[in-house]
Amino acid sequence: MTHTAGGIEIPSIPAQAIGPTVPPSGYLVREIADGVHWVTDGGYQCAFVVCDDQVVAIDAPPSLGPLVTRAIRDVTGKPISHVLYTHSHGDHIGTVNQFPDDAVRIAQQETHTLLSEADDALRRPPDVTFRDSHRLEVGGQVIEMHYKGSNHAPGNSFIHLPRQRILMLVDVIYPGWVPFTNIAQSKDIRGFMAHHDHALSFDFDTMITGHLTRLGTRQDVKIQREYMHDIRTAARHALEITPEKRRLARETVGTDHIYLYFKTMYEAAAAEAAQPVIQKWSGRLGGVETLGVNHTLTMYHSLRLDENAEPHVVFFPPAEADHGHDH
Ligand SMILES: [Zn+2]
């Protein structure tokens, strides 16, 4: 189902992609369970944990900016003693400088490396780092951080509250929606894929995902895992139909403009191969009509580059060989 606005076709958004209404203040703050709160502006999310005598803050996206501190102060006047970074990206921790200088920053060691290189006063490198995991016990709360290898970004870590059965993982799972462009801009597509199973290995009921409209569940992780495996199947199909698309591209745009030739070939293969995925998921996951082809194309390049899945091909055959078959 679609409607048209300004000449642009807009696919309808499935009910399961719609979250709670954000009040006119611009943010919603809600306690999930026993001191663990999430804050959202309807597009970005962060969190904080209220302990006996202090607060542990997790991320501070610039889209919320000072509203993060305001949300914390709506709930408690206790001092902010610790700040956890899920990962290094500016769109999630770009305003952590709003927290007190003496609050202890904690993040994975890859995040420390990236933030040291970035040299950004708004994102101070963490004071405490860990390689595989870190357990923070403070004011009656237990907060665990775990790193399972590169995924969306190097250093991007799980934050687990075992007692409240809450898991936070940012920029990987998109409840009710397909992932963001280029498979959530992932640095490591295989790591991104593996993180569905890594997420499910934790004991949790509720997930804070850093984005979109609502909180997530285990079921959301399973649904996205199925969608992403469908994308992988589509990308394999795109590889199979590439020879046909390569001939077509040679006939239409030629090979002189090398970038146009490759763009035409790859985009035609991805667009055709994505169609069954779009049909299957339309009405079930928001955004599949908009990003299904993009995800197939991104996965296709991952198969080519990361998995050497493109067999020997002759991209520029001699003119007399350019009839019908490929190599
Ligand atoms: Zn990110």
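**Exercise 1. State the strand order of the open sheet of six strands, and find its edges.**

Solution. The model is predicted. Step 1: the six strands of this open sheet follow the order E10-E11-E12-E13-E14-E15, and their pairing is mixed. Step 2: strand E10 (133-138) and strand E15 (216-217) each have a single partner strand, so they stand at the edges, and one side of each has no neighbour in the sheet. Step 3: inside this order, strand E11 (residues 141-146) and strand E12 (residues 158-161) run antiparallel and are joined by three bridges.

**Exercise 2. Describe the open sheet of seven strands in the same way.**

Solution. Step 1: the order is E3-E4-E5-E6-E7-E8-E9, again with mixed pairing. Step 2: the edges are strand E3 (28-33) and strand E9 (128-130); each has a single partner strand, so one side of each is left without a neighbour in the sheet. Step 3: from one strand to the next, the twist averages 20°.

**Exercise 3. In which sense do E5 and E6 pair, and in which sense do E7 and E8?**

Solution. Step 1: strands of a sheet pair through backbone hydrogen bonds, in either a parallel or an antiparallel sense. Step 2: strand E5 (residues 45-50) and strand E6 (residues 55-58) pair in the antiparallel sense, over four bridges. Phe-48 has Ala-57 in E6 as its bridge partner. Step 3: E7 and E8 pair in the parallel sense over three bridges, and His-82 stands opposite Val-104 in E8. Step 4: the pairing of E8 and E9 is also parallel, over three bridges; here Ala-107 is opposite Thr-129 in E9.

**Exercise 4. Which strands does helix H1 touch, and which strands does helix H3 lie across?**

Solution. Step 1: helix H1 (residues 67-75) packs on the sheet and touches E3, strand E4 (36-40), E5, E6 and strand E7 (80-84). The direction of H1 makes about 35° with that of E5. Step 2: helix H3 (residues 109-118) lies across strand E8 (104-108) and E9, and runs at about 110° to E8. Step 3: E8 is largely enclosed by the rest of the structure, because four of its five residues are buried.

**Exercise 5. Work out how H5 and H6 are arranged relative to each other.**

Solution. Step 1: the axes of helix H5 (residues 189-200) and helix H6 (residues 218-240) come within 10 Å and cross at roughly 155°. Step 2: angles over 145 degrees count as roughly antiparallel, so H5 is roughly antiparallel to H6. Step 3: the crossing is left-handed. Step 4: the residues of H5 that meet H6 include Phe-192, Met-193 and His-196; on the H6 side, Arg-218, Val-221 and Lys-222 are among them. Step 5: sorted by type, the residues of the contact of H5 with H6 are six nonpolar, three polar and five charged.

**Exercise 6. Is Lys-245 buried or exposed?**

Solution. Step 1: Lys-245 lies in helix H7 (residues 242-252). Step 2: the cut-off for buried is under 20% relative accessible area. Step 3: Lys-245 has 9% relative accessibility, so it counts as buried. Step 4: leaving aside neighbours within four places in sequence, Lys-245 is in contact with Met-265, Ala-268, Ala-269 and Glu-272.

Definitions and conventions. Residues are numbered from 1 along each chain as its sequence is written. This is a predicted model: local features need pLDDT of at least 70, side-chain atom pairs count only at pLDDT 80 or more; totals for chains, interfaces and linings use all residues. Side-chain values use heavy atoms; hydrogens and water are left out. Two strands pair if DSSP finds at least two bridges between them. Helices (H or I, at least four residues) and strands (E, at least two) are DSSP runs, numbered from the N terminus. Axes are lines fitted to C-alpha atoms, for helices over the stretch in contact, and angles run from 0 to 180 degrees between N-to-C directions. Contact means heavy atoms within 4.5 Å. Angles under 35 degrees count as roughly parallel, over 145 as roughly antiparallel, 65 to 115 as roughly perpendicular and the rest as oblique. A crossing is left-handed if the near helix is turned anticlockwise from the far one by less than a right angle, and right-handed if clockwise. Ala, Val, Leu, Ile, Met, Phe, Trp, Tyr, Cys and Pro count as nonpolar, Asp, Glu, Lys and Arg as charged, and the others, Gly among them, as polar. Buried means under 20% relative accessible area, exposed over 50%, partly exposed in between (1.4 Å probe, protein chains only).
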